[in-house]
Structures are given as structure tokens and as C-alpha cells.
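Take a look at the model below. This report visits a few of its local features in turn.

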Amino acid sequence: MSDLPVADYMSFDPEKFKEEALDAYSSKANKKRSRQIVVNKREQNEAVPEILANTRTIPGILTMRGCCYAGCKGVVLGPTRDILQIVHGAIGCSFYAWGTRRNKTRVPSPEDQNFMPYMFSTDLQEDEIVFGGEKKLRAAAEEAYKIFHPKAMALFSTCPVGLIGDDVHKVARELEEAHPGLNAFAFSCEGYKGVSQSAGHHIANNKLMMKVIGISEKSKPGKYRFNILGEYNIGGDAFEMERLADKMGLTIQCTLSGNSCYDEMTAAQTADLNVVMCHRSINYVAEMMETKFGIPWFKVEFIGADATSRAFRKIAEYFGDDELKAAVEKVIAEEMVDVEKARTEAYEICKGKTVALFVGGSRAHHYQNLFKELGMNVIAAGYEFAHRDDYEGRKIIPSITVDADSRNIEQISVQPDEKQFRPRKTPEEMDKLRKEGIRFDDYKGMMNDMPGNTLIIDDINHHEMEMLIEKYHPDIIAAGIKEKYVVQKQGIPMKQLHSYDYSGPYAGYKGAVNFYKEISRLLTQTPFKLAKAPWQEHPELTASYVYNDGGR
Ligand code: CFM
């Protein structure tokens with residue numbers, strides 16, 4: 001047997017769970033789901049098992065996933081405050097990508113533009129679906145331009161736009177011709193493209209590389225300048241990283257895209273390092289910036305106090321300045337005082353409790369850091385839309401089969417930029433850093449970080465979630481708004497790890513303190529355990545008509 005630590009949960013039998021969960025399916029569905037539910041069982045140093053990921057959800061199964069448009073507009077571009085973003089489509093698509101993700105922004109001065117409070121949509125109607133909506137999009141964009149005079153405008157396609165064939169890219173070109181100096185670009189990010197929001201990330205990454213990153217050289221002042229890729233400032237997470245970086249004497253040139261502005265993005269290539277938080281949504285930009293501008297990248301996590309310290313130490317190591325290293329250590333020591341106090345208090349309540357996480361494409365991994373710090377055992381985890389590399393690590397990328405759904409998404413290739421390519425380190429310096437433990441261009445994936453005998457479920461559905469709760473009653477489930485009430489109604493505390501409901505930040509040190517306190521509160525609260533659904537008290541419900549028959 002493996003000498004890896006085993007999830008400390010006596011009755012938990014992931015093999016049995018898998019067998020029972022699959023039992024409910026038809027043979028075809030069973031075959032597919034059996035490759036998406038795996039037991040993370042392996043010998044020490046052996047590769048983690050292969051999982052099937054980034055494939056279509058089986059029709060009829062309720063999925064947690066979002067759409068391609070959500071990944072492009074909602075996720076990657078959404079948090080940028082001063083690119084005026086117009087959604088070409090029905091009003092609902094716009095409304096649900098506006099504000100619900102809680103990506104915050106801080107406008108430096110009243111003169112700076114901020115379009116976050118506005119929702120721009122063409123509000124497509126039936127007659128435009130029949131006769132075409134391009135004219136309406138053009139008119140909407142002109143109207144918005146006249147009112148706001150933005151530096152950049154982005155146009156987003158929703159499902160009907162692709163079906164009726166409106167040329168959003170032509171409208172963007174016309175806008176640029178009509179308004180010299182305006183940077184206008186459009187996204188063919190129709191909701192149905194690809195199998196999830198992951199396709200939208202890729203489409204957004206491509207366009208940012210082609211139209212935004214590298215078009216100016218107005219960098220921020222600072223000696224040690226880096227970009228954070230894949231951090232979206234949900235509940236103020238990026239604010240916490242900015243606070244810490246400031247204290248340590250580091251400069252964040254640009255965050256893609258939490259609390260970001262257009263000017264910072266256009267000069268992102270002037271930074272000397274890219275650190276990647278959410279690998280899934282932004283690894284394409286990291287790779288392309290390395291090829292085009294010579295900026296090395298490595299993966300970090302700012303979720304979890306220890307992970308935060310590790311991340312900043314790695315950054316200091318990369319820049320290699322002793323003064324900087326000392327400043328980083330000083331801040332870590334200062335910050336850890338409050339962290340340790342909060343952690344010790346929470347630890348007593350949380351230790352030994354179990355948790356299952358099913359979140360997006362990176363958080364199901366990152367948040368395990370915080371639960372571990374509380375002494376909790378992760379028994380099951382899964383992503384909604386991540387790819388195999390996010391589970392098994394980047395080294396398996398060459399063995400991923402590219403299917404028709406992925407081929408649907410434009411692949412762009414970049415070349416070293418004639419003027420702006422500049423290696424940041426010599427090959428010898430890079431080798432030295434590698435020897436010191438910095439893994440450039442790598443992500444080891446979630447499964448390699450998890451104990452043996454844990455359950456990994458890709459694109460979990462209601463049936464499997466309900467079964468997990470019924471059979472194994474995790475003490476906490478971390479997931480999203482779509483799962484929240486299903487979980488709570490079964491008496492299990494639920495931590496919403498997408499928008500954090502009304503809470504956050506959870507990143508960095510202050511974030512860790514918030515998280516510890518909240519998890520202890522969730523574990524000591526009783527309302528959901530006390531509440532009984534009507535069917536629990538009276539298994540059979542009967543209905544009767546109550547109406548006034550007028551005395552007849
Ligand atoms: Fe990256 Fe995200 Fe996530 Fe994501 Fe998302 Fe999100 Fe997420 Mo919701 S970019 S993959 S598409 S960390 S919106 S901020 S919480 S599913 S785990």
C-alpha cells in the first residue's frame with residue numbers, strides 16, 4: 001500500500017462511492033462518468049491516475065458549469081474597470097455577468113474612468129434576431145463612445161450572435177476607423193463555444209495578447225516589478241496582495257485582471273516576472289508572454305498563509321536581492337502574529353473535521369491550503385471545467401488528446417517581439433534558480449497535492465453530490481451558488497467559494513484570518529442542522545384545494 005497519508009475519515013470508502021454513484025447511470029453515461037470519477041490512490045512517487053476532463057457534460061445531467069461567454073466577459077475581462085465592455089445579446093446574459101462575481105475595483109482618483117457600475121448591452125430583440133443585429137451594436141457602441149470617451153472598447157458575442165452571423169469584429173474595426181486612437185476589439189465568445197467557460201478564458205487570453213498587452217511602454221516605477229496573472233479580486237483578494245507587495249517593496253505592474261486598468265495592461269510586458277495564480281484561466285497569456293517578451297513565469301498560491309509566505313519568498317528569490325529578501329521576511333513575521341492567533345483559536349474547533357470542495361478550475365485546489373492549516377481533512381475534491389493538467393500537472397500536457405470542441409477555439413502562435421523581447425535572466429541564472437527549487441513553467445496539479453484514498457470528481461452533478469452528502473456527510477462543503485441550497489437543505493454548512501457570498505477577502509494573511517474565523521463559525525452554527533424540511537417530518541405530502549366556490 002501507499003505510504004502517502006490517507007484521508008483520515010474512518011468510514012470513507014471512495015471506491016464504494018464510485019461504484020454506487022455509477023450504478024444510477026445508463027451504460028453509456030456510466031462509461032463516461034467512470035473516467036471522470038477517480039480515486040487518488042497511488043504509490044509514493046508514482047504518477048497520479050488519469051482523469052477525463054474538459055469534455056462535454058452528458059445531456060440531461062445538471063452541471064455546475066458556466067458558458068464560454070461567462071469565461072470571456074465575466075471572468076477574464078470583467079474585472080477591468082476602464083475598458084468599456086458591450087455585450088451583444090439578450091439582456092439576461094449581460095445582467096448575470098454584471099456584479100454577481102463580486103470582482104472589486106478601486107479607482108485611484110475621481111478623474112480616472114470606471115465603468116464597473118454600468119452594464120452595457122444591446123438588449124437584442126426578436127426582430128434583430130431575424131433581420132440582424134449589427135446595426136444595433138454599432139449604434140449602441142457609438143452612443144456609449146459619445147457619452148464616455150473610453151480608451152478601449154470590447155464587444156462580446158452571446159449565443160444568438162453566432163447563430164445569426166453578426167460580424168462583431170467588423171463593427172470593432174469600424175469603430176476604430178471612426179474614432180482614431182480608440183482601441184476596439186471583439187470576441188467570438190458565444191456561450192455554446194467549447195464545453196464550458198474554459199473556452200472563453202482562452203479566447204480572452206488570445207485577444208489580450210493581440211490587442212492590449214505590449215502596446216505601450218509606460219511602466220509603473222519600481223525596482224522589482226511583476227505581474228499577477230489569474231487573480232480577479234473577488235471580495236478584495238487582490239487588494240490584500242497589493243497591500244503586502246507595497247509593504248515588501250515589490251511593485252505589481254498589472255494584475256490580470258483584478259483591480260486592473262487598461263494602461264497597466266498595455267505595459268504588462270515591461271514587468272520582469274509573471275506569477276500565475278489561477279493556472280486554468282490564464283496559462284495561455286503566461287506562455288505567450290514568455291515567448292514574445294522573454295518574461296519567465298512560475299505558479300504561486302496566495303490562498304493560505306503558508307502558501308502566501310512561500311509565494312513571496314519565491315518572488316524575492318527570483319529577484320535575488322538580499323535587502324528585498326529581508327524585507328519579505330520582516331513582513332511575513334509581522335503578519336504571522338495575527339494569523340497564528342486566529343489559526344490556533346480556530347484549529348481547536350476545526351481539527352479532524354472533513355471537507356469536500358467542488359469549485360471552478362483552480363480554487364478546489366488552492367483552498368485546500370486553508371483547510372489544511374485548520375487541521376481539516378479533504379475527502380473529496382473536483383473542478384467544474386479544468387483540464388487534465390490542472391488535475392495531474394502540466395507534464396501530462398503532451399498526452400492530452402485534442403478533441404473537436406477544443407479545435408473550435410482559435411490557437412494563436414506568437415513569436416519573439418523584435419523590439420521588446422528581452423531575456424530577464426541568463427540561462428545560468430535560471431538554472432541556479434531552478435536548483436534552488438523554483439519550478440518555472442510548471443504546475444503540479446491538484447491531485448499531486450492531495451493524500452491517497454481521496455475522491456476526485458470532475459464536473460460533479462446533483463446526483464453525485466447528494467449521494468456524497470447522504471453517505472459520507474462531510475462537515476463542510478465548499479462550492480458555488482448553484483449548489484448552496486441543495487447542500488444547506490441537507491443540513492450541511494456550505495462555504496461559497498466563488499463570490500464568497502458577502503465575505504472576503506480570503507487571500508494573503510488577512511484573508512486567512514477571515515477564513516479561519518468563518519469556518520469556525522460555520523462549524524459551530526446550528527440552524528441548518530436544526531431546520532427540518534417538510535418532507536423530513538411528513539414523508540408523504542398531500543395537497544388540498546383552497547378556493548371559494550361562491551357558496552354553491
Ligand atoms: Fe480561475 Fe477564478 Fe477559478 Fe475561473 Fe470561475 Fe472564479 Fe472559479 Mo467562479 S478564473 S478557474 S472561471 S480562480 S468565476 S475567480 S470562482 S469558477 S475556481
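A search of the whole structure finds 0 disulfides. A disulfide is a covalent bond between the sulfur atoms of two cysteines. Here it is counted as a pair of cysteine sulfur atoms within 2.5 Å. Cys 68 is in no disulfide, and its nearest cysteine sulfur, that of Cys 189, is 5.7 Å away. Cys 261 is in no disulfide either; for this residue the nearest cysteine sulfur belongs to Cys 254, 7.7 Å away.

This is a predicted model: local features need pLDDT of at least 70, side-chain atom pairs count only at pLDDT 80 or more, and totals for chains, interfaces and linings use all residues. Residues are numbered from 1 along each chain as its sequence is written, and side-chain values use heavy atoms, with hydrogens and water left out.

How accessible are some of these residues? Buried means under 20% relative accessible area, exposed means over 50%, and partly exposed lies in between (1.4 Å probe, protein chains only).

| Residue | Relative accessible area | Class |
|---|---|---|
| Cys 68 | 0% | buried |
| Cys 261 | 11% | buried |
| Tyr 284 | 12% | buried |
| Glu 301 | 13% | buried |
| Asn 54 | 14% | buried |
| Asp 123 | 31% | partly exposed |

Now for Glu 301. It lies in the loop between strand 9 (297-299) and helix 13 (305-319). Helices (H or I, at least four residues) and strands (E, at least two) are DSSP runs, numbered from the N terminus. Which side chain joins that of Glu 301 in a polar contact? The partner is Asn 369, at 2.8 Å. A polar contact is a pair of N or O atoms within 3.5 Å; within protein, one must be able to donate a hydrogen and the other to accept it, and residues adjacent in sequence count only if both atoms are side-chain atoms. Not counting residues up to four places away in sequence, Glu 301 touches Met 277, Ala 307, Thr 308, Ala 311, His 365, His 366 and Asn 369. Contact means heavy atoms within 4.5 Å.

Tyr 284 sits in helix 12 (residues 279-293). Leaving aside neighbours within four places in sequence, Tyr 284 is in contact with Ser 198, His 201, His 202, Asn 205 and His 387. Gly 181 is 103 residues from Tyr 284 in sequence and 28 Å from it in space, C-alpha to C-alpha.

Next, the backbone. A cis peptide bond joins Leu 256 and Ser 257, with omega about 0°. Ser 257 belongs to strand 7 (residues 251-257). A cis peptide bond also joins Gly 504 and Pro 505, with omega about -10°. Pro 505 is in the loop between strand 14 (494-496) and helix 21 (508-524).

Asn 54 has a phi near 55°, a positive value in a residue other than glycine. This residue lies in the loop between strand 1 (37-39) and helix 3 (68-77). Asp 123 is not glycine either, and its phi is positive, near 50°. The place of Asp 123 is the loop between strand 3 (120-121) and helix 5 (126-131).

Helix 19 (residues 462-472) and helix 20 (residues 481-489) pack at an angle of about 40°, with their axes 11 Å apart. The contact involves His 462, Met 465, Glu 466 and Ile 469 of helix 19, and Lys 482, Glu 483, Val 486 and Val 487 of helix 20. Axes are lines fitted to C-alpha atoms, for helices over the stretch in contact, and angles run from 0 to 180 degrees between N-to-C directions.
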